[in-house]
Amino acid sequence: MKLRAILVGVLLATPAFGQTPDDRFGPDDLARLASVEGPVASPRDGSIVYSLKTTNGEADKQQSDLWRVGWSDGQPMALTHTPGSSEWQPQFSQDGRWLAFLADRGGDHAETQVWIMAAGGGEAPLVTKIPVRV
């Protein structure tokens, strides 16, 4: 009985039962976190498009890309992959065939502009060219 009490005490005193200190979440893990922002549902097929914000370690900055996940299969698919820029705030056209979004493509000093692509992905042409941020 006394041995059981000692074992329970040791287990309760362990910060994360079953984990070694190297397995615990720490400051170095912060760069691996990702956040989902601005999810929108397609009026066509119910899929969801969202912006996934991650840390670009090489550039030492936050960066986001657009992803799409099917309602029926749940499989995420990257719509954009632009390590030097970010895309966010996706919006579907009324018929669900097109996806407009904001992006800061074009280098370090690029202004935020509106871009558009087919809802399933592909090349995205620039829609606006305003000298200041949209």
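User: Let me start with a charged one: which residue does Glu37 form a salt bridge with?

Analyst: Glu37 pairs with Lys53, and their closest N and O atoms are 3.6 Å apart. Keep in mind as we go that this is a predicted model. The two residues sit in distant parts of the chain, with Glu37 in strand β1 and Lys53 in strand β2 (residues 48–56), 16 residues apart.

User: Is Glu37 buried or partly exposed, and why?

Analyst: Glu37 counts as partly exposed because its relative accessible area is 32%, and buried would mean under 20%. Lys53 is partly exposed too, with a relative accessible area of 26%.

User: How many salt bridges are there altogether?

Analyst: The count comes to 5. One of them joins Arg105 and Glu87, with the closest N and O atoms 3.0 Å apart. Arg105 lies in the loop between β6 and β7 while Glu87 is in strand β5, so this pair ties together parts that are 18 residues apart in sequence.

User: And what about Asp95, which side chain does that one meet?

Analyst: Asp95 meets Arg97 in a salt bridge, at 3.8 Å from N to O. Asp95 is partly exposed at 40% relative accessibility, and Arg97 is partly exposed with a relative accessible area of 44%.

User: What does Glu87 touch, then?

Analyst: Not counting residues up to four places away in sequence, its contacts include Ser51, Ser64, Asp65, Thr80 and Thr82. Phe101 and Arg105 are also among them.

User: Okay, zooming out. How many helices and strands am I looking at?

Analyst: The chain has 1 helix and 7 strands. Going along the sequence, the pattern reads α-β-β-β-β-β-β-β.

User: How much of the chain is buried?

Analyst: Of its 134 residues, 27% count as buried. The chain exposes about 9300 Å², and carbon and sulfur atoms supply 57% of that area.

User: Which residues make up the largest nonpolar core?

Analyst: That core has 12 residues, among them Val40, Val49, Leu66, Leu79, Phe92, Phe101, Trp115 and Met117. Strands β6 (98–103) and β7 (113–118) each supply at least two residues of this core. The largest share, 3 residues, comes from β6.

User: What is Phe101 in contact with?

Analyst: Leaving aside its neighbours within four places in sequence, Phe101 is in contact with residues including Leu66, Trp115, Met117 and Ala124. Glu87, Trp88, Gln89 and Pro90 are also among its contacts.

User: You mentioned Gln89. Where is it found?

Analyst: Gln89 is in strand β5. Its phi angle is near 50 degrees, which is a positive value in a residue other than glycine.

User: Now the outside. Which residues form a nonpolar patch on the surface?

Analyst: Phe25, Leu30 and Leu33 form one, with about 320 Å² of accessible area together. Leu30 lies in the loop between α1 (2–13) and β1 (35–41). It counts as partly exposed because its relative accessibility is 48%, and exposed would mean over 50%.

User: Last one: where is Ser93?

Analyst: Ser93 is in the loop between β5 and β6, and it is partly exposed, with a relative accessible area of 23%. Its side chain reaches the backbone nitrogen of Arg97 at 3.4 Å.

User: And what does Ser93 contact beyond its neighbours within four places in sequence?

Analyst: Ser93 is in contact with Pro43 and Trp98.

Note on methods: Residues numbered from 1 in each chain as written. Predicted model: local features only at pLDDT ≥ 70, side-chain atom pairs only at ≥ 80, totals over all residues. Heavy atoms only, no water. Core = buried A, V, L, I, M, F, W, Y, C linked by side-chain atoms within 4.5 Å. Buried < 20%, exposed > 50% of the residue type's maximum accessible area, 1.4 Å probe, protein only. Helix = DSSP H or I, 4+ residues; strand = E, 2+ residues; numbered from the N terminus. Contact = heavy atoms within 4.5 Å. Patch = residues over 30% accessible without salt bridge, like charges linked within 9 Å, V, L, I, M, F, W, Y side chains within 5 Å. Areas by Shrake-Rupley, 256 points an atom, 1.4 Å probe, with all protein chains shown as cover. Salt bridge = Lys/Arg side-chain N within 4 Å of Asp/Glu carboxyl O. Polar contact = N/O pair within 3.5 Å; in protein donor to acceptor, adjacent residues only side chain to side chain.
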